[in-house]
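Open the model in your viewer and keep the selection panel at hand. We will walk through it stop by stop, with something to select at each one.

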Amino acid sequence: MADRYLSFTATGPGRFLTRRLGLPQPAALARWSPGRPALDGGLLHLTAGRSGLDLAPVLARTGIGPAGSDRAAAVVLDASGVREVEGLAEVHAALHPVVRSVAASGRVLVLGAPLDPADHHQAAAQQALEGFTRSLGKEIGRGSTVNLVRLTDAPAAESTLRFLLSPKSAYVSGQVIEVGAGGEPSTPVDWDRPLAGRTALVTGAARGIGEAVAETLARDGARVVVLDVPQAEQDARRVADRLGGTALLLDITAADAGARIAEALPDGLDLLIHNAGITRDRRLVNMPAERWIPVLEVNLASVLRTTDALLKAGTLNRGGRIVATASIAGIAGNAGQTNYGASKAGIVGLVRSLAPRALAEHGVTVNAVAPGFIETKMTAAVPLFIREAGRRMNSLAQGGLPVDVAETTAWLAHPASGAVNGQVVRVCGQSLLGA
Ligand code: NAD
């Protein structure tokens with residue numbers, strides 16, 4: 001269902017009217033396309049505190065040249081060396097003069113350090129960056145995003161910095177992402193086709209977000225397996241054919257789903273993308289077990305079962321990636337979605353617990369995307385008033401597109417993202433829900 005308000009505000013009369021009435025004025029977001037692979041403008045690299053990061057070579061490789069006297073498309077503030085509250089004055093001093101001149105659809109990226117459990121002054125100063133980042137994200141406007149990355153090693157964060165400083169992260173804002181020190185080494189990386197030679201299985205890929213994920217992973221070079229229920233055969237085959245992949249018609253809740261996937265992939269699997277999901281909304285007082293059980297089965301239990309089966313069978317190759325799908329409803333809760341909220345919160349628990357073990361034992365990272373309001377058939381079915389609220393109640397004042405979740409998945413699936421593990425990254429335009 002098209003966002004008519006967004007189209008209307010892009011017209012002259014629409015802009016005039018919405019400004020006069022004080023209504024939200026969503027900016028048209030600049031997204032990645034082959035003709036527009038990078039941000040439109042230069043990069044400004046600022047520092048607060050004494051940083052030990054060797055950022056310059058990594059930033060130079062992003063392909064964004066230094067900002068001249070014109071507007072910066074990207075501002076990177078390295079505040080990882082801020083260890084005292086007094087040092088936060090440098091954060092203000094660095095960004096206050098430049099924030100007004102960040103280009104439309106620009107990026108502000110704050111870099112911080114992990115909180116030091118042995119130093120509550122450092123922890124206070126670094127945690128302060130989180131509130132700062134999320135607040136700036138809510139006020140910057142004009143389609144720009146603001147995110148915080150906590151890191152200790154610049155090269156390990158290269159794929160993350162490239163993603164957040166590109167049009168691929170158009171709908172990711174107000175996020176705090178931790179990047180570890182190492183991860184599995186995976187050089188050399190072809191940054192244009194990073195997934196070449198890799199096999200990706202995407203569940204629920206016959207349409208919606210899953211279809212976009214399959215398409216984006218194929219763009220990045222992966223051979224895709226489009227998994228969906230037998231009833232969606234036509235769509236699943238259409239997507240698979242278009243992407244030069246294969247369709248696997250299977251209900252993911254089947255007890256032997258893991259075994260059947262392993263059987264279909266004798267050469268193993270590199271990227272396991274748990275995207276299939278359903279809603280059966282109703283307030284708890286009116287919710288019979290028939291609406292509760294399938295949601296927990298599709299969205300959570302089958303994810304646990306297939307993950308366990310594929311790890312145990314050794315189907316997931318070393319250097320592999322698991323990306324599960326949570327939701328902001330699993331973080332903030334949502335009226336009418338006790339079943340769905342429970343299932344998606346369960347995904348967050350699964351990711352946090354399994355990630356360190358899966359990396360240590362199998363060399364596989366485990367992360368989740370948590371979409372906010374994304375324009376798909378699932379959200380088109382939401383009643384009009386709630387749909388409009390979902391679209392506008394975020395810092396970018398619009399819904400996201402399936403491709404926004406897909407690009408985030410592709411970053412987590414990237415061979416250079418081995419140091420990104422156990423993260424739950426919201427793709428929600430900094431939704432007010434769960435923010
Ligand atoms: P969608 O309904 O458009 O597509 C879901 C796909 O999953 C369909 O092709 C469906 O056939 C498939 N599927 C359902 N049950 C299955 C099963 N048992 N086995 C195999 N495949 C099955 O949904 P979408 O909007 O594209 O959502 C994709 C994922 O993103 C879901 O996990 C959803 O919960 C999550 N999500 C979506 C939004 C949003 O705004 N659209 C927000 C938050 C989270």
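Before the first selection, a word on terms: two strands pair if DSSP finds at least two bridges between them. Helices (H or I, at least four residues) and strands (E, at least two) are DSSP runs, numbered from the N terminus. Residue numbers start from 1 along each chain as its sequence is written. Please keep in mind that this is a predicted model, in which local features need pLDDT of at least 70 and side-chain atom pairs count only at pLDDT 80 or more, while totals for chains, interfaces and linings use all residues.

**Stop 1: the domains**

Colour the chain by domain: domain 1 is 1-27, domain 2 is 31-179 and domain 3 is 199-427. These bounds come from an automatic or database domain assignment. Taken over C-alpha atoms, the centres of domain 1 and domain 2 are 29 Å apart.

**Stop 2**

The five strands make an open, parallel sheet in the order 1-2-3-4-5. At its edges you will find strand 1 (42-49) and strand 5 (176-178), each pairing on one side only. From one strand to the next, the twist averages 20°. For angles here, axes are lines fitted to C-alpha atoms (for helices over the stretch in contact), and values run from 0 to 180 degrees between N-to-C directions.

Zoom in on strand 3 and strand 4, which run parallel and are joined by six bridges. Pick Val110 and look across to strand 4: its bridge partner there is Leu148.

Next, show helix 4, which lies across strand 1 and strand 2 and runs at about 155° to strand 1.

**Stop 3: helix 5**

Select residues 120-140. Helix 5 has 21 residues and reaches 30 Å from its first C-alpha to its last, close to the 30 Å expected at 1.5 Å a residue; the expected span is 1.5 Å times one less than the number of residues.

Which residues of helix 5 are buried? They are Gln122, Ala125, Gln126, Leu129, Phe132, Thr133, Leu136, Gly137 and Ile140. Look down the axis of helix 5: its buried residues fall within an arc of 130°, so they line one face of the helix. That arc is taken over the directions from the helix axis to the C-beta atoms. Buried means that 20 or more other C-beta atoms lie within 10 Å of a residue's own, exposed means 12 or fewer, and partly exposed is in between, with C-beta atoms placed from the backbone.

The buried residues pack against strand 2 (72-81), helix 4 (88-95), strand 3 (102-112) and strand 4 (145-150). Contact here requires C-beta atoms, placed from the backbone, to lie within 7 Å. Helix 5 lies across strands 2, 3, 4 and 5, at about 165° to strand 4. After helix 5 comes Gly141, with a positive phi near 70°.

**Stop 4**

Seven strands form an open parallel sheet in the order 8-7-6-9-10-11-12. Strand 8 (246-249) and strand 12 (424-427) stand at the edges with a single partner strand each, so one side of each has no neighbour in the sheet. Neighbouring strands are turned by 20° against each other on average, direction ignored.

**Stop 5**

Select 223-228. On strand 7, Arg223, Val225 and Leu227 on one side and Val224, Val226 and Asp228 on the other are all buried. Five bridges join strand 6 (199-203) to strand 7 in parallel, and Leu201 has Val225 as its bridge partner in strand 7. On the other pairing, strand 7 and strand 8 share four bridges, with Leu249 as the partner of Asp228.

Then select 365-371: seven of the seven residues of strand 11 are buried. Ala324 stands opposite Ala368, and Pro371 stands opposite Val427 in strand 12.

**Last stop: Leu271**

Finish in strand 9, where Leu271 lies. Is Leu271 buried or exposed? Leu271 counts as buried because it has 29 C-beta neighbours inside 10 Å. Leaving out residues up to four places away in sequence, Leu271 touches Arg198, Ala200, Leu217, Ala222, Gly320, Arg321 and Ala413.

Conventions:
Contact = placed C-beta atoms within 7 Å.
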